[in-house]
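Hi,

Here is the structure I promised to pass on. Have a look at it first, and then read on for what turned up.

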Amino acid sequence: YKNINIDLRQYNRLQMFTHANAFINDVTGLQDGEVSVFIRLGSDYKNNFYEYEIPLKLTPEGKYDKFSSTSAETVWPEENMLNIDFSVFTNLKKARNIARGVAGSGVSYTTLYYEYDPNQPKNKVSVMGNPSLGEVKTVMIGVRNKSNREMSGEIWVNELRLSQFNEQGGVAAMANAALSISDIAQVNVAGRLETAGYGSIESNVLDRNMDDAYQLSMSAALEAGRLFPEKARLQIPLYVSYSNETLSPDFDPLDTDIKLSETLDTYESKVEKDSIKEMANTVHEATSFSVTNMKVDIHSKKKDMFYDPANFTISASYNKQNQHTPEIEQDITTDQKGSFNYSYSFNPQPWEPFKNVKSVEKVKFLKELHFYYLPQSWAFNTTMHRTFSHMKMRDFNIEATGGFDMDDLTFSKD
């Protein structure tokens, strides 16, 4: 056995050569099919695994030419060849899940469920728990005595390998657009698309995308004050943005080695299919709006006065982030800010005690020494800040319980 961490979903087959023979002067009388070799793949060795078992054909005693193809076929018989189509595992798990839903079947996650490979009826396929080919952490190869007596023999396994990788390609596209409307507004739009199967030239099979990814972002900066008559002297800088990132998985996120399309086929109504598809997606959505230093830029004619409208500015912003994933039904965060500012600079004249004293003209420090006996500016500001967050986890047992559990709902408000 060996502990590993590998995703097998991009491959179609697992292969391995196997040889078996009886010992010379074998006293146990080993016969064909009385021993078998099996391989287990899963997240552990006991509770979550797939198993494939082959009864072994014995190679007769003799001398064989290593350069002869006939000898090679005798030593490594085709019947002993481990040649697993991974769809056998996933089809078995789907059949087990259907049987599990039948009342009185006795089928569960904690019992071993098995069938025989339809393409090789002598080979036994089993599933235990809820393993996934996308998260294989253990591999075990073993030998099993199929008789009811003690047996002795020699077993060889060689060249465990993956083959027939997924050759389905993907596409990627990107677009950006910008629009300027004089000095009034600037609009930017960007989009990106990557489908399952896409990968860069340098990437290997395991680096390819397993999801369809869609990204859209839009933003606009607007000087809304330019939309009013010039005499209004309004300054209203606005900024608006929206972004959406959606990941649509190729595999069911709750059963990661089953295609999502296969899961959808088990439902009949369009409403159910749309609900499952929506639940499987991971969506991040953000909306933002802000106005910064909005004011009426009007000053007194002779000199700035403390009551001038230009001394007052207002700022406000609103941000909302919303996301949902296969585990999170809703996660919303809103952030609201508002501020009011007043600032007045009246430029008082400083007192320069040595300005007209000729005896200190050569002492620059004293000559330029001055004091302000009145404040140079007055300022006042107030800020309001409100945040709210709400997160609700998905309850996958809600249909079974027939109720709603408030324990999975959390929120925060300031």
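One definition before we start: a residue is called buried under 20% relative accessible area, exposed over 50% and partly exposed in between, using a 1.4 Å probe and protein chains only. By that scale Asn25 is exposed, at a relative accessible area of 70%.

Some housekeeping too: this is a predicted model, so local features need pLDDT of at least 70 and side-chain atom pairs count only at pLDDT 80 or more, while totals for chains, interfaces and linings use all residues. Residues are numbered from 1 along each chain as its sequence is written, and side-chain values use heavy atoms, with hydrogens and water left out.

Back to Asn25. You will find it in the loop between strand 2 and strand 3 (helices, H or I with at least four residues, and strands, E with at least two, are DSSP runs numbered from the N terminus). Asn25 is not a glycine, yet it has a positive phi of about 60 degrees. Ser182 also has a positive phi without being a glycine, here about 50 degrees. Its place is the loop between strand 10 (172–181) and strand 11 (185–194), and Ser182 is exposed, with a relative accessible area of 65%.

Now the inside. The largest nonpolar core has 31 residues (such a core is a set of buried Ala, Val, Leu, Ile, Met, Phe, Trp, Tyr and Cys residues joined through side-chain atoms within 4.5 Å). Among those with the most contacts inside this core are Ile39, Leu41, Tyr52 and Phe89. Helix 2 gives the most to the core, with 5 residues. Elements that each supply at least two residues include strand 3 (35–42), strand 5 (82–85) and strand 8 (136–145).

Leaving aside neighbours within four places in sequence, Phe89 is in contact (heavy atoms within 4.5 Å) with Leu41, Tyr50, Glu51, Tyr52, Ile84, Val125 and Leu133.

What about the aromatic rings? A search of the whole structure finds 10 aromatic pairs. Rings of Phe, Tyr and Trp (its six-membered ring) pair if their centres lie within 6.5 Å; planes under 30 degrees apart count as stacked, over 60 as edge-to-face and the rest as tilted. Tyr50 and Phe89 make a stacked pair, 4.8 Å centre to centre with 20 degrees between the planes. This pair links distant parts of the chain, as Tyr50 is in strand 4 (residues 49–55) and Phe89 in helix 2 (residues 86–100), 39 residues apart. Tyr50 is buried as well, with a relative accessible area of 1%.

Tyr114 and Tyr116 give an edge-to-face pair, at 6.3 Å centre to centre and 90 degrees between the planes. Tyr114 is partly exposed at 43% relative accessibility, and Tyr116 is partly exposed at 46%. There is also one aromatic cluster formed by Tyr50, Tyr52, Phe86 and Phe89.

Which residue has its charged end over the ring of Phe251? That is Arg9, 4.8 Å from the ring centre. Arg40 lies over the face of Phe49, at 4.2 Å from the ring centre. A charge sits over a ring if NZ of Lys or CZ of Arg is within 6 Å of the ring centre and within 35 degrees of the ring normal.

Last stop: Ser71, in helix 1 (residues 69–75). Ser71 is buried, with a relative accessible area of 12%, and it touches Tyr64 and Asp65, not counting residues up to four places away in sequence.

Cheers
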